[in-house]
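Please look first at the chain as a whole and then at a few of its residues, one after another. The paragraphs below follow that order once the terms have been set out.

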Amino acid sequence: MSYLCGVMNGMQTDGKKKKVLVAMSGGIDSTVTALMLHKEGYEVVGITMKTWDYASAGSSKKETGCCNLDSFNDARLAAVQNGFPHYVLDIRGEFGDAVIDNFVEEYLAGRTPNPCVMCNTHIKWRALLKRADALGCDYIATGHYAIIREENGRFIVSKGLDPLKDQSYVLWGLGQDVLSRTLLPLGGYRKTEIRQMAADFGYPELAKKSESYEICFVPDNDYRGFLKRKVPGLEERVEGGAFVDTGGNFLGRHKGYPFYTIGQRKGLDVTFGKPVYVTEIIPETNTVVLGDEADLQRTEMVVRKMNWIKYDRVAPGMEVTAKIRYKDPGTPAHLFPGPDGSVMAHFFEGAKGVAPGQSAVFYEGDDVIGGGIIQRPAVVGAA
């Protein structure tokens, strides 16, 4: 039985095995990816990327991020048992400069970053390709639930079959050169099937392994504490800013603008007898604006740092489905490209909780047209 759906056979036309470098975190998805490709006839090389000092972050046997020291050992064991090599690649320096520094800078700028997108776009894939070239690998592969196909001379990312696991949203930043050499074997399967495959491959414990959704360098999921540790004196510097309503009226004092996110309702330490939400963050004045749920609605947004995938450009007024966060089901919108490379997205009926710093990803059906970083929301009714 072949487990691969939509992935080419692992043999060259001359009978030589194609060689693929597989990113292995030690989790079920990346391990099954490696085993599937190995079974299909590829010459597999496993690699685990060390992005953070997990021991100092409180690593334990329990999964606390995308990978930890125990997961490194799990990845190596799977490789050894199946007869293919495994390496550990230390990219802590690159990761810290590009991902962690950006994470801190974005919060200090009053925005909400998406470190997984930054890592995929600027670190993980580039590091994999560099090592793949050094090892003579034709392809790289990961355990993401998405699909890549070639059409009209372009490599297109589409949603994975499992709607609960689809990860196309976090891949919007990958360039055509990277996509052309990437295999995503899991895209045509549901998570339940992958768990069964792990058991069939002889890894029943792996099949039961729990998943983690925390940011790898914030294993306790406390980003506020992380910011305080990374920026000495931050808490004292920003504490005591003003909460105001949408009309600018003073409501109380807060703990500092970097410690709030758009749409936040809990943990505000203020009560008004009704639910209130963070609707805007103004870092220049250390101001956090609170409003009703309706005040989170936006009619449009500006998106910059665009990367186009399905097309090299889009026509003004193109109708798309816009996702403004990972689990967002999507909102119909029209796109209007700007002369500076930015895009203005006009929502048909408005979108709730548009957060600067987050990724906006535009879809045509299941295909990713492209994506970028949300710059500023426009308030409903604004001219």
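A residue is called buried when its relative accessible area is under 20%, exposed when it is over 50%, and partly exposed in between, with a 1.4 Å probe and only protein chains taken into account. The model is predicted, so to speak of local features a pLDDT of at least 70 is needed and side-chain atom pairs count only at pLDDT 80 or more, while totals for chains, interfaces and linings use all residues. Residues are numbered from 1 along each chain as its sequence is written, and side-chain values use heavy atoms, with hydrogens and water left out.

The protein chain has 383 residues, of which 53% are buried. Its secondary structure comes to 9 helices and 17 strands, where helices (H or I, at least four residues) and strands (E, at least two) are DSSP runs numbered from the N terminus. If a contact is taken to mean heavy atoms within 4.5 Å, then among the contacts between residues at least 6 apart in sequence, 65% join residues at least 24 apart.

Helix α8, which spans residues 223-230, has Tyr-223, Gly-225, Phe-226 and Leu-227 as its buried residues, and these pack against α3 and against α9 (234-238). Helix α3 covers residues 92-108 and includes Glu-105, which is exposed because its relative accessible area is 51%.

Strand β10, residues 277-282, holds Glu-280. This residue counts as partly exposed because its relative accessible area is 38%. Leaving aside residues up to four places away in sequence, Glu-280 touches Ile-262, Thr-287, Val-288 and Val-289. The C-alpha atoms of Glu-280 and Thr-246 are separated by 8.7 Å, although the two residues are 34 apart along the chain.

Which residues in the loops on either side of β10 deserve a look for their phi angles? Most residues other than glycine have a negative phi. Asp-269, in the loop between β9 (250-253) and β10, has a positive phi of about 60° although it is not a glycine. Asn-286, in the loop between β10 and β11 (287-291), likewise has a positive phi, near 55°, and is a residue other than glycine.
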